[in-house]
Amino acid sequence: MTKTPGTRRRRRWLRWLLALPLMFLLVSTLQVATLRFIDPPFSAFMAARVLQAWGQGDGGFRIAYDWRDRDQVSSHLPVAVIASEDQRFAEHHGFDLEAIEKARRNNARGGRLRGASTISQQVSKNLFLWSGGGWVRKGIEAWYTVLIETLWPKARILEVYVNVAEFGDGVYGAQAAARTYFGKDAFELGPAEAARLAAVLPSPKRYSAARPGPYVQRRTRAIQRQMRQIGGTGYLDGLE
């Protein structure tokens, strides 16, 4: 039976549609494998913020971002973000199931909404994806999280996170935050300054590290206590 042009076109489209998931898997794997050794020049969140500013007519907007290797960042900062956001970082494989269950129970009781994203998930989202919710984005985030945990050591995950995390509107990474808010380099941050930066991470556009309000001040003190409880900078020795 002779195939019509319409049938051939449909089959070509079907082959392309079937190939797309495989292409995504290959490209995303190559992305993550490459960034284990090459420092990212920017993140998806940075690009989105610049495009947003330009769309609002602010063509002169520039982000503050200056990569620093792990040994050029004060050890207090990675300890602070772990104490604040992901105290099981060294133990889980990208997803903290215990924290997820606690968040589910809390939210089901009608308490204050809380999340359970790990540092690995935050790296996945900030580096490759867009803000917002939706099952599609969550699914892609989960895939990138699996890749990151599989292809990167924990120390690399933490190094990337403290360099791409947003600490204020347009302020990304440890060096930019240290210069912007404290007038010093990232390796000079003390424990209180590191804790204050970690305190604003849940909502860096709402909270200010430069002018900390009562919430940020309380949160900073709590994070400092938690930093001591998890062993301080000695915690990082087990991540190599």
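Glu 166 stands opposite Tyr 172 in S3. This pairing belongs to a predicted model. Three strands make up an open sheet here, and the structure holds eleven salt bridges.

- Strand S1 (64-65) and strand S2 (166-168) are the edge strands, each pairing on one side only.
- S2 pairs with strand S3 (residues 171-172) in the antiparallel sense, over two bridges.
- Strands of a sheet pair through backbone hydrogen bonds, either parallel or antiparallel.

- Side chains of opposite charge can pair when their charged atoms come close.
- Arg 49 and Asp 169 meet through their side chains in a salt bridge, at 2.7 Å from N to O.
- This pair links distant parts of the chain, with its two residues 120 residues apart.
- Arg 49 sits in helix H2 (residues 44-55), while Asp 169 is in the loop between S2 and S3.
- Arg 49 has a relative accessible area of 12%, so it counts as buried, the cut-off being under 20%.
- Asp 169 counts as partly exposed because its relative accessibility is 42%, which lies between the 20% and 50% limits.

**Other salt bridges**

- Asp 66 and Arg 68 form a salt bridge, and their closest N and O atoms are 2.9 Å apart.
- Asp 66 is partly exposed, with 35% relative accessible area.
- Arg 68 is also partly exposed, at 22% relative accessibility.
- Glu 193 and Lys 184 bring their side chains together in a salt bridge of 3.0 Å, N to O.
- Glu 193 is buried, because its relative accessible area is 18%.

- Trp 16 is classed as exposed because its relative accessible area is 54%, and exposed means over 50%.

Key:
Residues numbered from 1 in each chain as written. Predicted model: local features only at pLDDT ≥ 70, side-chain atom pairs only at ≥ 80, totals over all residues. Heavy atoms only, no water. Buried < 20%, exposed > 50% of the residue type's maximum accessible area, 1.4 Å probe, protein only. Pairing = 2+ DSSP bridges. Helix = DSSP H or I, 4+ residues; strand = E, 2+ residues; numbered from the N terminus. Salt bridge = Lys/Arg side-chain N within 4 Å of Asp/Glu carboxyl O.
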